[in-house]
Amino acid sequence: MPINEEQERLMPRPVCDSQSEMNEIVLPNDANPLGALLGGRLMHWIDLAGALAAHRHSRNYVVTASIDHLDFWTPVHVGDLVVLRSSVNRVFTTSMEVGVTVWVENYLLDELKHVSSAYLTFVAVDAAGRHLKVPPVIPETDEQRRRYEDAGRRREIRKAERQRRQANVP
Ligand SMILES: CC(C)(COP(=O)(O)OP(=O)(O)OC[C@H]1O[C@@H](n2cnc3c(N)ncnc32)[C@H](O)[C@@H]1OP(=O)(O)O)[C@@H](O)C(=O)NCCC(=O)NCCS
């Protein structure tokens, strides 16, 4: 029996199909008066880089539902080349966890230093903002399978934390 458009959209896809990379040169407007990249600017880039993979995987509009804890390990300065890599770790029903790793590239020495890593949850939505089902993702490598398993544990922690916060809202 021929499959319809919706069934076609919901066909499982391998992680590698939507893995994305975004590159940015740090300009003076991205930095504080000491020439160091602003944390808020990096968070903006992380959100965009994560959305790239989420859009590509879901083939839909997405909104950011949450961003987990962020650490900044290495300072980044004006003129540096920042590399952001994103990958869909796991799909649940209408949401997906995307991992973003951030690197600063020394293109003179051909070296990469880890700057930050983040997990974001995106929800696929239609033009009216209603959530939509997302196709399953297929992890193919050991690393992707590890991230898939870990994403399940992180989702449970996130849910519990969300419930705890909601219970405290006056
Ligand atoms: C995210 C949003 C679409 C969820 O609304 P909803 O669909 O009515 O919410 P539901 O409770 O039915 O949850 C839908 C999915 O989102 C997930 N979700 C909802 N809030 C979440 C949060 N804070 N963190 C992680 N996941 C969340 C749920 O777990 C569920 O996932 P699943 O279907 O894969 O199990 C809605 O809260 C929203 O539009 N928020 C604003 C988003 C935004 O403006 N972002 C910044 C600009 S892009």
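**The S5–S6 hairpin**

I started with the hairpin that S5 and S6 form, which has four residues between the two strands. This is a predicted model, so I read each angle and distance below as computed. In the turn sits Asp110, and I noted its positive phi of about 55 degrees. Most residues other than glycine have a negative phi.

Is Asp110 buried or exposed? I found 7 C-beta neighbours inside 10 Å, so Asp110 counts as exposed; the cut-off for that is 12 or fewer.

S5 covers residues 95-106, and its antiparallel pairing with S6 runs over 12 bridges. As a landmark on the screen I picked Trp103, which stands opposite His114 in S6.

**The other partner of S6**

I then checked S3 against S6. These two also pair, in the antiparallel sense, over six bridges. Which residue of S6 is the bridge partner of Thr64? I found Phe122 there.

**Around the ligand**

I counted out the shell next: 15 residues surround the ligand, and the closest are Ser66, Phe92, Thr93, Thr94 and Ser95. Two or more residues each come from strand S3 (61-67), strand S6 (111-125) and helix H3 (142-167). S3 gives the largest share, with four residues.

I also sorted the shell by class. Eight of its residues are polar, five are nonpolar and two are charged.

**Helix H3**

Which residues of H3 are buried? I listed Gln144, Arg147 and Ala151.

**Two loop residues**

Arg59 went on my list for its backbone: it is not a glycine, yet it has a positive phi of about 50 degrees. I placed Arg59 in the loop between H2 and S3. Arg59 has 14 other C-beta atoms within 10 Å, so I put it down as partly exposed.

Gly35 came next, in the loop between strand S2 (20-25) and helix H2 (39-58). With 15 other C-beta atoms within 10 Å, Gly35 is partly exposed too. Leaving out residues up to four places away in sequence, I saw that Gly35 touches His77 and Val78. I also took a distance to Trp45: Gly35 and Trp45 are 10 residues apart in sequence, and their C-alpha atoms are 18 Å apart in space.

**The whole chain**

I counted three helices and seven strands. From the N terminus on, I read their order as α-β-β-α-β-β-β-β-β-α.

The C-alpha trace spans about 60 × 45 × 35 Å along its principal axes. Of the 170 residues, 31% count as buried. I also looked at contacts between residues at least 6 apart in sequence, and 74% of these join residues at least 24 apart.

Key: Residues numbered from 1 in each chain as written. Predicted model: local features only at pLDDT ≥ 70, side-chain atom pairs only at ≥ 80, totals over all residues. Near = placed C-beta within 6 Å. Nonpolar A, V, L, I, M, F, W, Y, C, P; charged D, E, K, R; others polar. Pairing = 2+ DSSP bridges. Buried ≥ 20, exposed ≤ 12 C-beta atoms within 10 Å, placed from the backbone. Contact = placed C-beta atoms within 7 Å.
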